[in-house]
Amino acid sequence: MIPPISLNHDRFERVCYDRPEYPIYIRRGLLSLYPDYRAPDHWHDDIELILILQGQMEYNVNGQITLLKKGEGIFVNSGQMHFGFSGDHCECDFLCILFHPILLCSIPPFENDFVHPLIQNKSLPYLILRPGISWQAQILSLIQQIYTERDLPGGSMRAFGSFARIWALLWENAPDGPSDENRQSQNLAIIKKMVEFIQENYTQKISLPEIAAAGAVGQSKCCKLFDRYFSQSPNIYLNRYRLEKSIELLKSTDLSVTEIALATGFSNGSYYAETFRKWLGKSPTAFRKQISEKKPIPGNK
């Protein structure tokens with residue numbers, strides 16, 4: 001299953017590769033393993049490939065939300081803000097594969113002719129993969145093959161070969177027309193700055209004007225960007241992040257619930273407990289007891 005995700009202040013994921021010497025990550029996961037059936041919003045330099053095995057998942061890339069159904073998938077280009085979720089708390093069984101594009105940069109011509117043009121293609125932040133389109137069906141099949149062969153003696157080499165074939169299919173079919181990606185890139189940089197401000201200051205009292213100022217935008221645009229990229233207000237985003245940090249303390253320390261509440265920026269223990277229950281359906285005390293009894297608990301990617 002998918003292990004806990006490790007994020008920097010700007011939501012950059014420090015990917016835990018399957019083997020440190022090979023920048024490849026291959027996992028099967030369930031959406032229910034994430035709190036509130038919602039993976040953390042994040043970005044990374046790696047290419048992300050998702051295949052839906054059972055159920056369905058809503059997927060947000062740079063604020064654009066699409067529904068992925070069984071048999072479908074998605075390609076997410078390097079550097080894009082993204083996360084999967086289910087607003088209705090529906091289960092989804094899926095494969096998640098990450099490859100760092102450096103794998104394809106063995107010689108400068110490959111890097112210049114095939115890797116950079118695709119990574120820097122402003123018209124291709126992501127691509128929904130449909131089984132009814134021949135070349136996309138090939139990519140979906142290769143995603144499944146990568147997962148199936150992951151434990152073979154030559155699994156890493158097989159994965160590299162499949163990734164090269166996927167890249168060739170994407171390169172051959174990538175759009176090259178003009179788009180409004182310049183504005184989108186600016187907005188992405190702004191939202192990353194505001195998120196970084198929240199993560200660096202979540203233990204303190206933070207106001208909406210302060211969050212907006214971190215991105216050098218007005219409060220109205222601040223709220224619009226959070227709604228677009230994360231489908232929630234800045235204040236809800238802040239509380240969710242505080243809850244994520246509180247879970248880490250519940251798991252790893254003996255601090256009281258009130259101490260954890262104050263350490264993660266909540267005004268008091270009662271409000272923290274109320275917010276925690278709304279988010280996870282149980283009190284912090286019950287959650288900690290579940291951990292101590294070593295029962296399965298929800299976890300982040």
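Buried means under 20% relative accessible area, exposed over 50%, and partly exposed in between. Arg19 has a relative accessible area of 39%, so the residue is partly exposed. The model is a predicted one.

The partner of Arg19 is Glu21: their side chains meet in a salt bridge, with an N to O distance of 2.8 Å. Glu21 is also assigned to the partly exposed class, because its relative accessibility is 46%.

## The Arg240–Asp36 pair

A salt bridge joins Arg240 to Asp36, and the closest N and O atoms lie 2.8 Å apart. The two residues are 204 residues apart and belong to distant parts of the chain. Arg240 sits in helix H7, which covers residues 234–252. Asp36 is found in the loop between strand E1 (24–30) and strand E2 (47–61).

Arg240 has a relative accessibility of 18%, which is under the 20% cut-off, and therefore counts as buried.

## The Arg158–Glu149 pair

Arg158 and Glu149 form a salt bridge in which the closest N and O atoms are 3.4 Å apart. That distance is within the 4 Å limit, so the pair qualifies.

The partners fall into separate accessibility classes. Glu149 is buried because its relative accessibility is 15%. Arg158, with a relative accessible area of 43%, is partly exposed.

## Total count

The model has nine salt bridges by the rule applied here. Among them are Arg19 with Glu21, Arg240 with Asp36, and Arg158 with Glu149.

Terms used:
Residues are numbered from 1 along each chain as its sequence is written. This is a predicted model: local features need pLDDT of at least 70, side-chain atom pairs count only at pLDDT 80 or more; totals for chains, interfaces and linings use all residues. Side-chain values use heavy atoms; hydrogens and water are left out. Buried means under 20% relative accessible area, exposed over 50%, partly exposed in between (1.4 Å probe, protein chains only). Helices (H or I, at least four residues) and strands (E, at least two) are DSSP runs, numbered from the N terminus.
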